[in-house]
Amino acid sequence: MAFAGTACLLVGLLTALYAAVASIAGARTGRRELVVSGRRAMYCLAALLIAATAVLQSAFLRSDFSFKLVAEGSSTDTPTFYKVTAMWATQDGSLLLWALLLSVFSSAVLFLSRRSLRDIAPWATAVLGTLAAFFLALMLGWENPFTTLAVAPQEGAGLNPLLRHPAMMIHPPMLYTGYVGFSIPFAFAIGALITRHTGADWIRATRSFALIAWTFLAAGIMLGALWSYSELGWGGYWGWDPVENASLMPWLTGTAFLHSIMVQEKRGMLKVWNVSLIIATFVLALLGTFLVRSGILQSIHAFGASTIGVQFLICIVVVIVGSTALVISRLPHLRSESRLDSLLSREAFFLLNNLVLVLLCVFVFWGTFFPLISEAITGTEASVGPPWFNAVTTPLALVLVLLTGIGPVLAWRRITSSGLRRAFVVPAGVTVATLVVLVALTNAEDRVLALAMFCLTAFVLAVVGQEMVRGTAARRVITGDSWTRAAAGLLARNRRRYGGFIAHAGIAVLFLGVAGSSAFLQQRDLRLSPGDTFRAGGYELTYERATARLGGDGAGTGAPIAFGAVLTARKGSESFTLHPSRNFYPTRDPSKGSIGRYFEGEATSEVDVRWGLQRDLWTAVRPDISQLEGPIQEANRKFADSSGDVQAVVIAAIAERYRTDPPPAAFRSIVSPLVAWIWIGGGIILLGALIAAWPTPEARVRRVRSLYRARVGRELSGA
Amino acid sequence: MDPARKRKLRLVLALSVAVLLAGALVYTSFAGATEASTPSQLKASAESGRSYELTGKVVDGSVERKGDGLRFAIRDREGTERLPVNYQGVVPDPFRDGREVIVSGRLEGGTFVAERDSLVTKCPSKFTKEESS
Amino acid sequence: MLVALVVLRPLVEGPGREVEEDARRAELEAAKEAKYREIRDAELDRGMGKLSAEDHRTTDRELREEAIEILRELDALEGKSPRG
């Protein structure tokens, strides 16, 4: 069975190479058949990789431990959902996922553009085919997901418990969809450069892919942050870890790209900028994939040196050098068609927004790679931490949110000064009012930067609201519809514009949450015994009692033992309970003893969060089991060879001991105001992106009709 | 001012802003960075009072918990030079013997006194992280 | 199994059935849609008071001329394949 998988990969490699070669040959000789053949090869590649993935997934679902990947990452008692998603928890499996997504997306874009972009499409196919071949070669040469073990173990190692969370399992595919998605516009940009067709055609064809990629990348980043906040024991959502940054950087440049392509479409400007931007985004996406798998940066995700680090680096260098050379050689074809009419135009502000985003990306890049930079310059490896990142990115974030409020108001080419004044009167008023209210009624002025951000959020929301109202009013003048119909019509006819505005509103809300939760956070770390009380963020919390639970894990992670606590929180008339706990997973290491191994494996913190719009109350507990060492060692000696049932009884006894007489446990409680708005803001962004990306029905109908007309014409002339 | 000169002026302005920003970036990062080192490096050439980011593996059997504090020994990834560490604060989930850790602090006497909550443990498997800072 | 997979791969080396014009037509249609959207956007901007009447007149005229150019090209293509 495993051999079938490897066979698929091998044939896939040949197919990918063929696709590249045939497309190039077809493009150069003008023979259409070769181009078509190359395109079909890409379809075949997608089919092959789907088959390969199916083989691997079936191995996971059958718990076939002859597959090395299944033996290392799954077990018979792993819940089914995690069996399916375990594939991309490993290096090999995630390479396969990358290749799968790449081939499927390539097939989709080639299918959709098969009648257009005659000149560019073959070169894009070649680029995508070569990329797919690279990943396949990596798998076949170094990290084959279909490696088998000579002797299949009886039981698998099981999925790392920290990964047993729905968000964590959807997070990699989302990120990869984002990374791979950006490879499509990249490939077409290269094609456009090679064929010197540097107009807006390649942008129009690949814009949807860029938008979809951006959306998935955003969702992936948000899921990672959400997971970190609700699963890990430190209670934060962003740590400026190199791998987190690696996913953020292509998103930043991707956002810049989405804006600047609009300028090229409308005014024919920024051609060099656009191709450079998409090249940078793609390189950063590759870098993002690479960073997790190499040992070049001291990240908590990366570890040691991996076997494919060098190859990735070579790939990245080749892409950078090749693309740069290509851009430079085509500079004459990338001249702007028009100039900036006025600084008070959308074009100018998009340029400004691009600058801010790219600057943010540069700062994050600098900080992320600082250990390598400092080593190169001073000889010693030094790193910068979250304080530096926060200090450096906060001013830019403020400017960015300000721009998201100004952009929607402007018009292309030039806005009249009276138009400008009319546009800003209301939002400015709202902002000032917000400022006054916040200073008067809350203690927000303690943190100036957060206060600034709150006011800017109000500004953006006011602008977006105003744009919607005024747009609806303008539409009513033309169509005479009722308010609701006009509003719906406005959204439907101008999806891109208003979808974008909604996404802007989402960004503002997200930063509201970030500002609130980072500036006004209250964290307490204490050791408590049952009955102890403490205050945090206006709440009075009491550690009522300890809990010990065996089996029946509510979250579905399959943890056999969980020690925890019950806390009651009171604030005024509000009162609720929290149940943080710690899950203990067994290890297969025999040196820990037959009883001890249940306590000495991985342990994860099961956090309990009380969500709220105004604030979150986050609690985690770390039970102290050091005092159980004695009984555990004793049990190890006495019951080493006992049956499973007896061992279960012994463990139950030890657990009961913890429950009835717990030593002081370490608690962490965090009160984060407004943190829920981060997730809400993220949802709004995704909603806006969805609206913007939704294809307009009329365009589709018209496209189909024109194709029919063409066919009629063709067939008639052929008859 | 004719357009050519205006453009030149804009260019000069943009470049100077860029240089200033770059300068600020470089300065703040070098000033605010903590140097990463291994136990052997620290033992050989540490400046007392200076903050370092110590990386290495936890020596088997060296972990002692006392109340809120933790004592353990850290050694080079491949090597035997070890350094005792005095730590207070939250201990991440994956922390145990033999795991790779990163902890920030200063060398005082022969012991590495760690900053509170700065212990980070690398998980041996591919993806996850656990941080307490 | 390997052989079966290789055989399953349909290799098409047949003659190209699609006419050049289809590609150009699709591109022009896409450009036309984009141009229409721009004209509508400009109208909306005018309605919202962002564009002055004069600016809108200029922009609208330019955009419509560009749209006419595209339509002309489309018609030329269609003229080449008579529909009887």
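**Entry 1: chain B**

I read chain B along its sequence and found the pattern α-β-α-β-β-β-β-β-β-β-β. This is a predicted model, in which local features need pLDDT of at least 70, side-chain atom pairs count only at pLDDT 80 or more, and totals for chains, interfaces and linings use all residues. Residues are numbered from 1 along each chain as its sequence is written, chains are lettered from A and ligands numbered from 1 in the order in which they are written, and side-chain values use heavy atoms, with hydrogens and water left out.

I looked up the elements of chain B and got 2 helices and 9 strands. Helices (H or I, at least four residues) and strands (E, at least two) are DSSP runs, numbered from the N terminus. Chain B has 133 residues, and 42% of them count as buried. Buried means under 20% relative accessible area, exposed means over 50%, and partly exposed lies in between (1.4 Å probe, protein chains only). I also checked contacts, meaning heavy atoms within 4.5 Å. Among those in chain B between residues at least 6 apart in sequence, 50% join residues at least 24 apart.

**Entry 2: two helix pairs in chain A**

I took H7(A), residues 166–195, and H11(A), residues 309–329. Their axes come within 10 Å and cross at roughly 40°. That makes H7(A) oblique to H11(A). Angles under 35 degrees count as roughly parallel, over 145 as roughly antiparallel, 65 to 115 as roughly perpendicular, and the rest as oblique. Axes are lines fitted to C-alpha atoms, for helices over the stretch in contact, and angles run from 0 to 180 degrees between N-to-C directions. From H7(A), the contact uses Phe186(A), Ile190(A), Leu193(A) and Ile194(A). H11(A) brings Val319(A), Ser323(A), Leu326(A) and Val327(A). I sorted these residues into 7 nonpolar, 1 polar and no charged. Ala, Val, Leu, Ile, Met, Phe, Trp, Tyr, Cys and Pro count as nonpolar, Asp, Glu, Lys and Arg as charged, and the others, Gly among them, as polar.

Next I took H2(A), residues 32–61, and H5(A), residues 91–112. They pack at about 145°, with axes 8 Å apart. Among the contact residues are Arg39(A) and Leu49(A) of H2(A), and Leu100(A) and Phe111(A) of H5(A). By class, this contact has 14 nonpolar, 4 polar and 1 charged residues.

**Entry 3: positive phi**

Arg196(A) has phi near 65°, a positive value in a residue other than glycine. Arg196(A) sits in the loop between H7 and H8 (201–231) of chain A. Its relative accessibility is 42%, so Arg196(A) counts as partly exposed.

Leu270(A) has phi near 60°, also positive and not in a glycine. Leu270(A) lies in the loop between H9 (242–267) and H10 (271–292) of chain A. At 15% relative accessibility, Leu270(A) is buried.

Gln466(A) belongs to H16 (residues 448–479) of chain A. I read 7% relative accessibility, so Gln466(A) counts as buried. Its side chain reaches the backbone oxygen of Ala423(A) at 2.8 Å. Beyond four places in sequence, Gln466(A) is in contact with Arg422(A), Ala423(A), Val426(A) and Pro427(A).

Ser669(A) is in strand E11 (residues 665–673) of chain A. Ser669(A) is buried, at 2% relative accessible area. I checked Ala536(A), 133 residues away along the chain: the C-alpha atoms of the pair are separated by 7.4 Å. Not counting residues up to four places away in sequence, Ser669(A) touches several residues, including Gln522(A), Phe534(A), Ala536(A) and Trp618(A).

How values were computed: Polar contact = N/O pair within 3.5 Å; in protein donor to acceptor, adjacent residues only side chain to side chain.
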